[in-house]
Amino acid sequence: MNPNPDVHAYVLGELNEAGRKAVEQQLGADPEAAAEAARLEMVTRALRSLPDEEPPRRIAFVSDKVFEPNWWQRFWNSAPKLGFTAAAMLSAAILSHAMLTRPQPSVTPVAAGPSSAEIRAMVNAAVSEAKLQQRDESARLVAAALRDAERRFAKERDADRAAMEETLVVLRKQVARFYVASNDLGGSR
């Protein structure tokens, strides 16, 4: 159904007395027009129940700074920054705990100790004892090294003697062959 402009004007209260009476007669005769008028009245009542607000002076666009998040929103939504901050805070807490709860050394009264001359005497005795121990250890190490060297040289000497004996055996055999060969040649003439 096409909306009748007179019904709209009637619902909005824009008609004079004669026009209003004409529309009321039409609404009484036409049930569809009466239903449309009822719907329009309901919408109009709903709109009039809303509070009056001023329209915005400017239309905001998505690229405007209004829609950008605040610094704390950007920080809160950044996982690496948030993790780094949490680690820094934890480190600061650990360091402050370590510095603030450090146990204070208790000072105990010291009995009268040895004099500086006695201390020098004890240090000299300890140094001379350490020197004697070092000399004994050095002598023991030199003796062990000398024994090892003598064993090694004895093995090398035995190996050289065995090699010389083998060489002499080979030379004797060669001389014996040469002697036998020269006798065979000399006897056949």
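In α1, the residues Val-7, His-8, Tyr-10, Val-11 and Leu-12 meet Ala-33, Glu-36, Ala-37, Leu-40, Glu-41, Thr-44 and Arg-48 of α3, where contact means heavy atoms within 4.5 Å. By class, this contact of α1 with α3 comprises 7 nonpolar, 2 polar and 3 charged residues; Ala, Val, Leu, Ile, Met, Phe, Trp, Tyr, Cys and Pro count as nonpolar, Asp, Glu, Lys and Arg as charged, and the others, Gly among them, as polar. The structure is a predicted model, in which local features need pLDDT of at least 70 and side-chain atom pairs count only at pLDDT 80 or more, while totals for chains, interfaces and linings use all residues. Residues are numbered from 1 along each chain as its sequence is written, and side-chain values use heavy atoms, with hydrogens and water left out.

As a whole, the protein has 6 helices and 0 strands, giving the pattern α-α-α-α-α-α along the sequence. Helices (H or I, at least four residues) and strands (E, at least two) are DSSP runs, numbered from the N terminus. Of the 189 residues in the protein, 7% are buried, a term that means under 20% relative accessible area, with exposed meaning over 50% and partly exposed in between (1.4 Å probe, protein chains only). Among contacts between residues at least 6 apart in sequence, 45% join residues at least 24 apart.

For α1 and α3, the angle is about 40° and the axes lie 9 Å apart; axes are lines fitted to C-alpha atoms, for helices over the stretch in contact, and angles run from 0 to 180 degrees between N-to-C directions. The two helices α1 and α3 are therefore oblique to each other, given that angles under 35 degrees count as roughly parallel, over 145 as roughly antiparallel, 65 to 115 as roughly perpendicular and the rest as oblique. Their crossing is right-handed; a crossing is left-handed if the near helix is turned anticlockwise from the far one by less than a right angle, and right-handed if clockwise.

Turning to the other partner, the axes of α1 (residues 5-12) and α2 (residues 17-29) come within 10 Å and cross at roughly 115°. Helices α1 and α2 are therefore roughly perpendicular to each other, and α1 passes α2 in a left-handed crossing. Here Asp-6, Val-7 and Tyr-10 in α1 meet Arg-20, Val-23, Glu-24 and Leu-27 in α2, and the residues of this contact divide into 4 nonpolar, no polar and 3 charged.

Within α1, Val-7, Ala-9, Tyr-10 and Val-11 are buried, and what covers the buried residues of α1 includes α2 and α3. The largest nonpolar core has 7 residues, namely Val-7, Tyr-10, Val-11, Val-23, Leu-27, Ala-33 and Ala-37; such a core is a set of buried Ala, Val, Leu, Ile, Met, Phe, Trp, Tyr and Cys residues joined through side-chain atoms within 4.5 Å. Two or more residues of this core come from each of α1, α2 and α3 (31-49), and α1 gives the largest share, 3 residues.

Two residues deserve a look of their own. Leaving aside neighbours within four places in sequence, Tyr-10 is in contact with Leu-15, Arg-20, Val-23, Glu-24, Leu-27 and Glu-41. Thr-44 is found in α3 and, at 14% relative accessibility, counts as buried. With neighbours within four places in sequence again left aside, Thr-44 is in contact with Val-11 and Leu-12.
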